[in-house]
Amino acid sequence: ALKRRYPRAEVVALDLAIGMLREARRHAGWWRPFRRVAGDAQALPFADGSVDLLVSNLCLQWCADLRAALYEFRRVLKPGGWLLFTSFGPDTLKELRAAWRAADDHGHVHSFLDMHDVGDQVLAQGFADPMFDVERYTLTYADARQLMRELKQIGAGNALGGRARGLTGKQA
């Protein structure tokens with residue numbers, strides 16, 4: 001979509017997951033080629049001040065160190081450059097989190113940051129005039145297995161530090 005909107009721009013897709021880069025290649029046509037780079041948002045492989053527009057779609061919530069990712073975003077942006085990002089909020093998967101809490105005290109579902117906390121971090125990294133908005137979407141699944149299958153297909157996992165790594169028994 002960015003290549004269509006800015007046909008003369010160099011568009012670079014960056015992802016830590018090779019599978020997502022393969023998927024991006026599958027959707028790229030020969031008439032709109034773009035580079036794909038494997039890399040970490042917390043250590044961007046780009047030069048200081050080399051990017052006009054940085055679009056981060058559903059990345060920040062998986063970063064162990066939000067501050068480091070935002071620092072990197074700021075570092076690579078040119079003066080006057082723009083950062084646009086999307087992220088999940090604290091209500092994401094709240095029903096699944098509540099169901100697991102009824103089963104045991106372990107952290108089975110990733111916790112997502114509140115927009116106000118993200119905003120504080122954005123300001124702390126020196127971004128000017130941030131604007132935030134919330135859009136709520138409700139997705140309904142026939143059962144928990146369908147939800148878990150979809151989460152696995154999109155590559156989402158539990159990034160909670162210190163979580164139990166073993167299998168959960170049938171009782172839970």
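The following conversation goes through the side-chain packing and layout of a predicted model.

Visitor: What are the ground rules for this model?
Guide: The model is predicted, so local features need pLDDT of at least 70 and side-chain atom pairs count only at pLDDT 80 or more, while totals for chains, interfaces and linings use all residues. Residues are numbered from 1 along each chain as its sequence is written, and side-chain values use heavy atoms, with hydrogens and water left out.

Visitor: How many helices and strands does the protein chain have?
Guide: The protein chain has 6 helices and 4 strands. Both are DSSP runs numbered from the N terminus, with helices being H or I of at least four residues and strands E of at least two. From the N terminus on, the order is α-β-α-β-β-α-β-α-α-α.

Visitor: And what share of the residues is buried?
Guide: Of the 172 residues in the protein chain, 23% are buried. Buried means under 20% relative accessible area, exposed means over 50%, and partly exposed lies in between, with a 1.4 Å probe and protein chains only.

Visitor: Which contacts come from residues 24 or more positions apart, as a percentage?
Guide: Among contacts in the protein chain with a separation of 6 or more, 65% are between residues 24 or more positions apart. A contact means heavy atoms within 4.5 Å.

Visitor: Changing topic, how many aromatic pairs are there?
Guide: The structure holds 3 aromatic pairs. Rings of Phe, Tyr and Trp (its six-membered ring) pair if their centres lie within 6.5 Å; planes under 30 degrees apart count as stacked, over 60 as edge-to-face and the rest as tilted.

Visitor: How are the rings of Trp62 and Phe112 arranged?
Guide: Their centres are 5.8 Å apart and their planes stand at 75°, so the pair is edge-to-face. Trp62 belongs to the loop between strand E3 (51–57) and helix H3 (66–76), and Phe112 to the loop between helix H4 (94–103) and helix H5 (115–124), so this pair links distant parts of the chain, 50 residues apart.

Visitor: Is Phe112 buried or exposed?
Guide: Phe112 is buried, at 8% relative accessibility. Trp62 is partly exposed, with a relative accessible area of 30%.

Visitor: What about Phe88 and Phe112?
Guide: Phe88 and Phe112 also form an edge-to-face pair, 5.5 Å centre to centre with 70° between the planes. Phe88 lies in the loop between strand E4 (77–86) and H4, and Phe112 in the loop between H4 and H5, so the pair ties together parts 24 residues apart in sequence. Phe88 is partly exposed, with a relative accessible area of 28%. Trp62, Phe88 and Phe112 form one aromatic cluster.

Visitor: Which charged ends sit over rings?
Guide: The charged end of Arg5 sits over the ring of Tyr6, 5.2 Å from its centre, and that of Arg74 sits over the ring of Phe127, 5.5 Å from its centre. The criterion is NZ of Lys or CZ of Arg within 6 Å of the ring centre and within 35 degrees of the ring normal.

Visitor: On to H5: which of its residues are buried?
Guide: The buried residues of H5 are Val118, Gly119 and Val122. Seen down the helix axis, they fall within an arc of 105°, so they line one face of H5; the arc is that of the directions from the helix axis to the C-beta atoms.

Visitor: What covers them, and what is on the face turned away?
Guide: The cover over the buried residues of H5 includes H3 and E4. The face turned away from the buried side carries the exposed residues His116, Asp120 and Ala124.

Visitor: What does the side chain of His110 reach?
Guide: The side chain of His110 reaches the backbone oxygen of Gln61 at 2.8 Å. His110 is in the loop between H4 and H5 and is buried, with a relative accessible area of 9%.

Visitor: How many disulfides are there?
Guide: The structure holds 0 disulfides, a disulfide being a pair of cysteine sulfur atoms within 2.5 Å. The sulfur of Cys59 is 4.1 Å from the closest cysteine sulfur, in Cys63, which is too far for a bond. Cys59 is partly exposed at 24% relative accessibility, whereas Cys63 is buried at 15%.

Terms used
Polar contact = N/O pair within 3.5 Å; in protein donor to acceptor, adjacent residues only side chain to side chain.
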